[in-house]
Amino acid sequence: MKLTDVTAADRAAVDLSRVDLFDAAYHAEGDPHAAWAVMREQAPLHRSELPDGRAFFNVTRYHDACRVLGSHREFTSERGSLLSQLGHDDAASGRMLVATDPPRHSELRRPLNKMFTGRGLARSEDRIRDAVRSLVAGALDGPVWDLAQQATMLPMAIAGALMDLPEPDWKDLVQWTGMAAAPQDPVFTIRNPHATLAIAHHQLFEYFATQYEARKGTDGDDAFRLLMTMRDGELTREEVVVNCYSLLLGANATTPHTVAGTVLALMERPDQLRAVRENPALIPSLVEEGLRWTSPASSFLRYAVDDVEIAGGSVPRGEAVAVWVGSANRDADVFPEPYRFDVRRSDNRHIAFGYGAHYCLGATVARLTLRLFFEEVLDRIEEFVPAGEPQHLVSNFVAGFTSLPVRAVPRRVEAVAGR
């Protein structure tokens with residue numbers, strides 16, 4: 001996937017009748033940003049039809065994306081929120097956070113908000129910093145280090161602590177969530193994508209069901225037990241299991257790719273790294289620009305509740321709408337010079353965490369993790385140097401990397417001592 005500027009030549013090469021945004025490989029090997037640029041300019045409500053007859057509408061402009069994601073009365077989440085579910089209603093509808101609309105969504109979310117924000121998050125900051133320090137220390141252990149691969153363990157360590165999941169299980173959980181998020185990617189595929197997804201779901205649901213049984217009657221204030229002891233309507237075992245699956249998938253499928261994509265942007269633009277090093281107060285701004293730039297949760301699916309007029313066209317009742325977050329976060333009407341990676345960007349209203357009722361529950365955790373990561377990097381690493389070609393993830397859901405080989409140059413001792 002090309003993340004740099006989309007030129008006039010790139011736009012001219014796009015034939016929307018041949019663009020297949022449903023194809024996971026297109027997002028790794030093609031240039032969806034060029035296609036999205038043409039859609040924003042010429043076809044802000046573009047209909048795609050698959051060879052098997054399934055169809056969906058594409059929304060690519062920022063304000064249209066916010067409307068689809070923010071108005072559950074017009075666009076429901078309850079039939080599935082992933083493009084891969086097109087034509088197959090979500091079996092967890094009404095039971096899982098991502099597959100519910102308000103007010104049920106709010107009932108499920110409310111108890112967890114306390115853990116992922118405010119005091120609940122403050123109690124976890126030391127754990128997050130320890131996980132970040134362990135990751136950054138690993139970069140200095142050898143000549144070549146694959147940031148994309150190693151970063152997958154960072155959100156797992158944090159989610160593992162917040163959900164009280166045994167550390168020996170983390171590696172398997174990372175693998176299974178990777179299979180669930182990108183079953184078409186060769187790194188994860190077992191036999192074929194359908195088999196891969198089935199295996200991932202079986203393993204994860206069985207794992208969380210076993211954890212549920214082990215926690216019965218035990219004390220604790222982790223997210224798992226909070227779901228088991230909700231006061232706003234007791235959840236069944238199946239509801240706890242699918243929501244634990246959703247929480248872990250959301251963490252593992254996004255944050256590592258923002259880490260990798262932001263580091264890649266800084267390697268390509270040393271002036272931006274220099275600006276942050278000279279003024280560490282820019283780190284929060286770097287985090288926000290990294291989120292906008294990478295937009296790791298690339299797409300969300302919704303369905304029209306009734307006929308809806310939007311983006312100069314009409315979506316018939318019951319039809320699917322794919323919201324392309326990476327496109328919305330490059331909309332020039334909202335982001336001046338959208339193809340410029342700018343750590344000083346102000347008024348950065350990106351929707352990398354979604355919008356509306358389904359705004360990412362773990363957004364505060366992710367921001368804190370990213371801030372601590374770049375604080376540690378600036379403290380211990382002078383620069384990252386490319387050590388191989390990055391490999392993009394094959395997925396129409398997650399925009400990211402399966403490999404980003406780098407070499408970490410340690411900071412000079414005198415530089416650290418003279419801070």
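## Helix α5 and its kink

The bend at a residue is the angle between axes fitted to the seven residues ending there and the seven starting there. In this predicted model, helix α5 shows a kink of about 40 degrees at Arg 110, shortly before the proline Pro 111.

Helix α5 spans residues 104–116 and comprises 13 residues. The distance from its first C-alpha to its last is 19 Å, close to the 18 Å expected at 1.5 Å a residue. Its buried residues are His 105, Leu 108, Arg 109, Pro 111, Leu 112, Met 115 and Phe 116.

Met 230 is located in the loop between α12 (223–228) and α13 (237–252). This residue counts as buried because its relative accessibility is 6%, and buried means under 20%.

Apart from neighbours within four places in sequence, Met 230 is in contact with Glu 107, Leu 108, Pro 111 and Leu 235. The C-alpha atom of Met 230 is separated by 22 Å from that of Leu 204, with the two residues lying 26 residues apart along the chain.

## The second largest pocket

The second largest pocket holds about 460 Å³ of space. It is lined by 21 residues, of which Gln 149, Thr 152, Val 174, Gln 175 and Phe 188 are the closest to its centre.

At least two lining residues come from each of α8 (147–151), α10 (170–181) and β11 (401–403). The most are given by α10, with 6 residues. By class, the lining consists of 11 nonpolar, 9 polar and 1 charged residues.

Technical notes: Residues are numbered from 1 along each chain as its sequence is written. This is a predicted model: local features need pLDDT of at least 70, side-chain atom pairs count only at pLDDT 80 or more; totals for chains, interfaces and linings use all residues. Side-chain values use heavy atoms; hydrogens and water are left out. Helices (H or I, at least four residues) and strands (E, at least two) are DSSP runs, numbered from the N terminus. The expected span of a helix is 1.5 Å times one less than its number of residues. Buried means under 20% relative accessible area, exposed over 50%, partly exposed in between (1.4 Å probe, protein chains only). On a 1 Å grid over the protein atoms alone, a cavity is a set of points where a 1.4 Å probe fits but cannot get out, and a pocket is an open set with protein on both sides within 12 Å along at least five of seven lines; lining residues have an atom within 4 Å of a point. Grid points are joined across faces, edges and corners, and a volume is the space filled by probe spheres set on the points. Ala, Val, Leu, Ile, Met, Phe, Trp, Tyr, Cys and Pro count as nonpolar, Asp, Glu, Lys and Arg as charged, and the others, Gly among them, as polar. Contact means heavy atoms within 4.5 Å.
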